[in-house]
Amino acid sequence: MLRTSPQPKETFPLGPFTVPRVWVGLWQLSSNAWGSASAAKIRQAMARHIERGYNAFADHYGSAEILYGQFKESLPSPAEVVGATKWCVFRQTELSRSVVENAVRERMTRMRTTTVDLLQFHWQDYSDKGYLTALQILQDLQNEGLISAVGLCNFDAIRTDEICTQLGPGFIVSNQVQFSLIDTRPLHGMADVCERHNVKLLTYGTLCGGFLADQWLNQPEPDLYSGVLTPSQRKYLDMILKAWGNWALFQSLLAVLRDIGDRYGGLSIANIATRWVLDHSFVGAVIIGARLGVSEHTDDNDRVFGFSLTDEDNRAIEAVQARSNGRRMITLIGDCGAEYR
C-alpha cells in the first residue's frame with residue numbers, strides 16, 4: 001500500500017491541484033536511447049516516487065501515457081496523483097471542435113482516465129493563428145469537464161501574453177519551457193508575462209541533461225560525437241559549447257556551485273542548480289527526467305528543499321554568468337521554445 005512521504009515538500013497551486021515543486025519527467029520512457037526497464041520495474045519506480053511525495057508526472061509521450069495510465073488505475077487513491085500530458089500540433093491542421101476533442105479523448109483513453117489533469121498545448125507555426133482557435137475549444141472542453149487545467153508548452157513571451165490576454169485570467173496555468181543556469185532566456189520577458197497573468201513555469205533542462213552535476217567537475221570536455229552521450233546530453237553539451245560559452249568556463253561554474261554546496265553541508269551541484277531555478281517566483285516546478293527502473297535520484301532531489309540561496313551565493317554565480325553568452329542567448333537562439341520552430 002502506498003504511503004505519502006513524512007517529509008514536507010514545497011508545493012504550489014496549479015489550477016485545482018496542489019502539486020510539489022519537483023516533478024518526475026517521463027520523456028525518457030519514449031526511447032531506449034536513455035536505457036530501458038520492464039513495465040513492472042517502471043511501475044514500481046513510480047510507486048517509490050509517490051511514497052517520497054513526488055506525485056506529479058509530466059511529458060507522457062507515446063508509451064509513457066499507457067504506462068502511466070496503467071499505474072494510476074492500479075492505485076487505491078488515483079486522484080492523489082497528477083499527470084501532465086501534451087497535445088502538440090506540428091503541421092498545418094484544419095481545426096474543428098471534433099479534431100480538438102478527439103485529441104483530448106485520445107489522451108484520456110491512453111491514460112485510462114475520464115479527465116486530463118493538465119493538458120499542455122504546443123503549436124509549431126506562429127504565423128498560423130490557429131493556436132487561438134484551438135485554445136478556445138480547449139477552454140470549452142475544460143468547462144465541460146474533460147480537462148482540469150490547461151497549460152502551454154514552449155510558447156514564447158509574446159504569444160503567451162497574447163493568449164492570456166485574449167482568453168482571460170486563470171485559464172492558462174502554466175508554460176513548460178527550458179530554464180537553467182545555462183539557459184536563462186525566461187528572465188528576459190517571460191518572467192514579466194508570468195507575473196502579470198499568474199502563470200507558472202514548469203521548467204525542464206534544469207540540470208542540462210545531467211551536466212550540472214558533480215560527476216562532470218574537473219573532467220575533460222566530452223566528445224559530442226563519441227556515441228556514449230544520451231540524446232539529452234548531446235543537446236545540452238551543444239548548447240554549452242556553441243551558445244553559452246566553452247568547457248573551461250563551464251568548469252568554473254561547476255566549481256562555484258561545488259563551493260556553494262559545501263557551505264550548505266555538502267549539497268550536490270545538482271541541488272544548487274535546481275535551487276537556483278526554484279528561487280524564482282515565476283517558477284512553479286522543475287521537471288527532472290528519470291530513467292525509471294534504471295536511474296533515479298529521489299534521495300538527492302529531497303535535498304533541494306528547505307533552503308534558499310543567499311545574495312552572496314547568487315553574486316558568485318552571476319560573476320561566472322557575466323563571462324558567458326547567457327544574456328545574449330535570447331538573441332542567439334530566440335525566445336523560449338524558438339529552438340523547436
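Before we look at any residue, let me say that contact here means heavy atoms within 4.5 Å. What you see is a predicted model, in which local features need pLDDT of at least 70 and side-chain atom pairs count only at pLDDT 80 or more, while totals for chains, interfaces and linings use all residues. Residues are numbered from 1 along each chain as its sequence is written, and side-chain values use heavy atoms, with hydrogens and water left out.

Let me start with Phe211, which, leaving aside its neighbours within four places in sequence, is in contact with Trp216, Pro222, Leu229, Gln233, Tyr236, Leu237, Ile240, Trp247, Phe250 and Leu254. Phe211 is also among the residues with the most contacts inside the largest nonpolar core, which has 98 residues; such a core is a set of buried Ala, Val, Leu, Ile, Met, Phe, Trp, Tyr and Cys residues joined through side-chain atoms within 4.5 Å, where buried means under 20% relative accessible area, exposed over 50%, and partly exposed in between, with a 1.4 Å probe and protein chains only. The largest share of this core, eight residues, comes from helix H8.

Which residues does H8 span? Helix H8 covers residues 247–263, helices being DSSP runs of H or I with at least four residues, and strands runs of E with at least two, numbered from the N terminus. Its buried residues, including Trp247, Phe250 and Leu254, pack against helix H7 (231–244), helix H9 (269–278) and helix H11 (311–321). Just after H8, Gly265 takes a positive phi of about 85°.

Turning to the strands, seven of the eight residues of strand S5 (residues 82–89) are buried, so S5 is largely enclosed by the rest of the structure. Strand S4 (residues 56–58) runs parallel to S5 and is joined to it by three bridges, and two strands count as paired if DSSP finds at least two bridges between them. Within that pairing, Ala56 stands opposite Val82. S5 also pairs with strand S6 (residues 116–123), again in the parallel sense, over six bridges, with Ala84 opposite Leu118.

Finally, how many disulfides does a search of the whole structure find? The search finds zero, a disulfide being a pair of cysteine sulfur atoms within 2.5 Å.

Key:
The expected span of a helix is 1.5 Å times one less than its number of residues.
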